[in-house]
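Please look over the sequence and the structure before reading on.

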Amino acid sequence: MGRLVSLTVRAAANAEHTDQIPVVLVTIRHPSLSAPAYLSSDPTERISADPLRYGTRHKGQVYDFVLMGTVLPDDEKDSPPKATLAFENVDADMAKAIRSITPGTYATVDYIVVLAGTPDIIEARYTNLRSVRGSYDAAQVSLDISAEPLTAEPWPAGRQTVSRFPGLFAA
């Protein structure tokens with residue numbers, strides 16, 4: 001079964017010309033960051049003039065515009081969704097954040113898609129993804145993100161005994 005999207009998105013996808021622009025909003029959390037990074041793929045509005053800053057407002061939070069390319073998460077049947085985010089390497093600190101991602105200190109990524117005209121309406125949402133791999137060069141910084149596979153969950157998770165679940169055995 002395919003992903004359900006709004007009628008507005010379907011009409012924009014099938015239109016020859018449209019003013020409905022899909023916008024990717026990314027939230028990155030990592031222990032090395034003092035605060036989460038909120039990033040937008042679209043300069044929807046001017047946030048400030050000094051310093052000059054563009055971004056997207058989504059439910060009161062400002063997502064800063066960065067030059068970003070993305071491969072949307074796939075819906076493969078037997079694997080968790082995975083996506084790639086590629087940011088233009090315009091700041092020396094961008095590669096520093098990627099270098100800090102090591103096994104055991106994964107970044108947590110929330111990834112949503114909205115339309116520029118209606119940024120508070122979520123068209124697609126992928127939350128609690130984790131960074132799988134990061135790479136960088138002089139031109140771009142890339143971050144591969146994925147969900148935890150269900151096959152990594154321990155099984156059996158636990159038994160429903162009287163001591164653990166007393167409500168099940170109440171008369």
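Does D110 count as buried or exposed? D110 counts as buried, at 17% relative accessibility, because the cut-off for buried is under 20%. The model is predicted. The count of salt bridges comes to 3.

**Salt bridge D110–R29**
- D110 and R29 meet through their side chains in a salt bridge, at 2.9 Å from N to O.
- D110 belongs to strand β8 (residues 108-115) and R29 to strand β1 (residues 22-29), so this pair ties together parts that lie 81 residues apart in sequence.
- R29 counts as partly exposed, at 35% relative accessibility.

**Salt bridge E45–R57**
- In the salt bridge between E45 and R57, the closest N and O atoms are 3.1 Å apart.
- E45 sits in strand β3 (residues 45-48) and R57 in strand β4 (residues 53-58), so the pair ties together parts 12 residues apart in sequence.
- E45 is partly exposed, with a relative accessible area of 31%.
- R57 also counts as partly exposed, at 37% relative accessibility.

**Salt bridge R53–D64**
- The side chains of R53 and D64 form a salt bridge, with 2.7 Å from N to O.
- This pair links distant parts of the chain, 11 residues apart: R53 is in strand β4 and D64 in strand β5 (residues 61-65).
- R53 is partly exposed, with a relative accessible area of 32%.
- D64 is partly exposed as well, its relative accessible area being 27%.
- Strand β4 holds R57, and strand β4 also holds R53. Through these residues, β4 is bridged to E45 of β3 and to D64 of β5.

**Nonpolar surface patch**
- Which residues make the nonpolar surface patch? V162, F165, L168 and F169 make it, and its area is about 390 Å².
- F169, one of these residues, lies in the segment after β10 (140-146).
- F169 is partly exposed, with a relative accessible area of 46%.

Note on methods
Residues numbered from 1 in each chain as written. Predicted model: local features only at pLDDT ≥ 70, side-chain atom pairs only at ≥ 80, totals over all residues. Heavy atoms only, no water. Salt bridge = Lys/Arg side-chain N within 4 Å of Asp/Glu carboxyl O. Helix = DSSP H or I, 4+ residues; strand = E, 2+ residues; numbered from the N terminus. Buried < 20%, exposed > 50% of the residue type's maximum accessible area, 1.4 Å probe, protein only. Patch = residues over 30% accessible without salt bridge, like charges linked within 9 Å, V, L, I, M, F, W, Y side chains within 5 Å. Areas by Shrake-Rupley, 256 points an atom, 1.4 Å probe, with all protein chains shown as cover.
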